[in-house]
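Hi,

Here is the structure I promised to pass on. Have a look at it first, and my notes follow right below.

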Amino acid sequence: MIDNATVVFGPPGCGKTHFLLDRVEEALESGVPPSQIVFVGFTRKAIREALSRACSKFNLSEKDFPYFKTLHALAFHTLGLKHSDVISSDDLVVLGKDLGLDFRSQPLDLDEGGIPVFANESGSKYLFHIDRARYRGVTLEKEFNDAHNYDLNYWQMEKVAKVYEDYKLVTHKMDFVDMIEQFIAQPVVPYSRLLIVDEAQDLNHMQWLMVRKLFENSDGGYIAGDDDQAIYAFSGAEVSEFLNISDKKILLDQSYRLPKAILDFSKTITRQIRQREEKEFRPRDEEGLVQWHLSFDTLPIDNGEEWTIMTRVNTHMYEFARRLRDEGYVYSVKGKSSINQKKAQAILSWRKLQSGGKLWLREVKEMYEQMAKQGPRATVRRGSSTLLEAADYETPYSYEDLLEYGLLAPKDQDAMDIAQLPPRERLYFESVERKGINLSDPPKIKLSTFHAMKGGQDDNIAVYLGTTRACYEGDPDDEHRAFYVAVTRAKKALHILESDKKYRYLL
């Protein structure tokens, strides 16, 4: 228990960040300097939002709030580390050569919760569980037994752990787990007159030790989160610690996101969660819509509104991406449009020239970048970019003007040839335009996994009920929480999309 902490339960859309920033404002107005306010959380997304709002609301700069950071970033800066002190992807390549294993991974982000995002290569999956054991504070043997992963070999896991530790000793480097360990071992940590811990339901055992350490040198504060949205158990999150961390509790009981129908529907999921804090909160004053679909074909994604289609895992998300592409829809995955925007802009710029319009120099340069510059299909001369450097930025250029700047293509040449679209890409662009969609329009359909969408929202949400064997056979509470997070992203209409997969979530 932490005696000087108050737990704030913030159900979906209940204004948790607003509540926490009100506490920051009260502290500032009472004379607390920004440097004595510590605001930490699990991922950068939440911290950046809080920091941005704080700077805007109080007319201060980010430098005025040195302790608005993720837990890992706080440890990194408090310990005075440099990025060269931290294990990198290059180090993992060297380690892989020593062990004869593959350690390919996405680069670890200091501000994204310290969760290693590894592929399924031989070495990567071992390192994931080695880190998870340390985060959980359990032995390697217990982690191995808890993993239920029959692709793992315990002898190999022990070997990887030993070689990895030896490598860090020899190179004088540390990983994200070491940062937290060393922070906890410090005799003194930053003093705070106000300490706020956000997204606390996602913290693992070692991060909770860090939080306890921070509260030891604090006048007190708030620990905020929602146990029903704890979806990082796979990385070692301990929701039980959040539920039992303090006897002092506040419930934010008004959702500004969820209408009545969607809130009522979400309760069919939370009622199945065994370990949770009971929370009654009110919907916003609107009925909302919950609709079931046996087929993707009945989703009204052509209604001109913005949509988010959510899946449990990446595999299913990319299946929907392929289908949307085949049907000529424009969509985004992880913020990236399915339409190559540089190619699209080149096409639109060329069509503008064809119709007698003019381009600004920046538009000309961007179009030239996409055009063929050599061979029999060249549409612009090599070295034409050098000619453009001497051109006037304040003068728009017509097709005829550009003939003096290396343009070779006849005016009637097809715009998609100008942009050098490969055959499959050309078919896709043509299909998009047949639907009446402008190539330059931002995507109205967003594809996301549940985890990537956490903290987000949209008017229209479609939740796909397909899951995987590993998810299906895991802790039922984890699966319920994941789908609860998914359905509570909807502000207006929630569409439940049935699955014909062998493993599906039962509602």
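Ser332 touches Ser337, Pro443, Ile445, Lys446 and Leu447, leaving aside residues up to four places away in sequence. You'll find Ser332 in strand β9, which runs over residues 331-333. Ser332 has a relative accessible area of 9%, and because the cut-off for buried is under 20%, Ser332 counts as buried. Keep in mind throughout that this is a predicted model.

Another serine you could look up is Ser124, which lies in helix α5 (residues 122-136). Its relative accessible area is 0%, so Ser124 is buried.

Now the overall picture. The protein has 507 residues, and 52% of them count as buried. Its secondary structure comes to 21 helices and 13 strands. The C-alpha trace spans about 75 × 60 × 55 Å along the principal axes. Among the contacts with a separation of 6 or more, 78% are between residues 24 or more positions apart.

On to the inside. The largest nonpolar core holds 84 residues, and those that touch the most other members are Val24, Phe68, Val197, Val211, Ile223, Val463 and Leu494. Take Phe68 from that list: beyond residues up to four places away in sequence, Phe68 touches Val24, Ile37, Phe39, Ile47, Ala50, Leu51 and Ala54. There is also a second, separate core of 48 residues, with Phe296, Met317, Leu324 and Ile347 among them.

I also went through two helix pairs. Two packed helices are described by the angle between their axes and the distance between the axes.

The pair I'd open up to begin with is α13 (residues 341-354) and α14 (residues 361-369), which pack at an angle of about 120° with their axes 9 Å apart. Because of that angle, α13 is oblique to α14. Their crossing is left-handed. On the α13 side the contact is made by Gln345, Ala346, Ser349, Trp350, Lys352 and Leu353, and on the α14 side by Glu363, Glu366 and Met367. Sorted by class, the α13 and α14 contact has four nonpolar, two polar and three charged residues.

While you're there, which residues of α14 are buried? They are Leu361, Glu363, Val364, Lys365, Met367 and Tyr368. The cover over the buried residues of α14 includes α13, α15 (384-389) and α16 (399-402).

The other pair is α6 (residues 140-147) with α7 (residues 154-171), whose axes come within 11 Å and cross at roughly 135°. These two are therefore oblique to each other. Here α6 passes α7 in a right-handed crossing. Leu140, Glu141 and Phe144 of α6 meet Tyr154, Met157, Glu158 and Ala161 of α7. By class, the contact of α6 with α7 has five nonpolar, no polar and two charged residues.

That's what I have so far.

Cheers

Notes. Residues numbered from 1 in each chain as written. Predicted model: local features only at pLDDT ≥ 70, side-chain atom pairs only at ≥ 80, totals over all residues. Heavy atoms only, no water. Core = buried A, V, L, I, M, F, W, Y, C linked by side-chain atoms within 4.5 Å. Buried < 20%, exposed > 50% of the residue type's maximum accessible area, 1.4 Å probe, protein only. Contact = heavy atoms within 4.5 Å. Axes fitted to C-alpha atoms, helices over the stretch in contact; angles between N-to-C directions. Helix = DSSP H or I, 4+ residues; strand = E, 2+ residues; numbered from the N terminus. Parallel < 35°, antiparallel > 145°, perpendicular 65-115°, else oblique. Left-handed = near helix turned anticlockwise from the far one by under 90°. Nonpolar A, V, L, I, M, F, W, Y, C, P; charged D, E, K, R; others polar.
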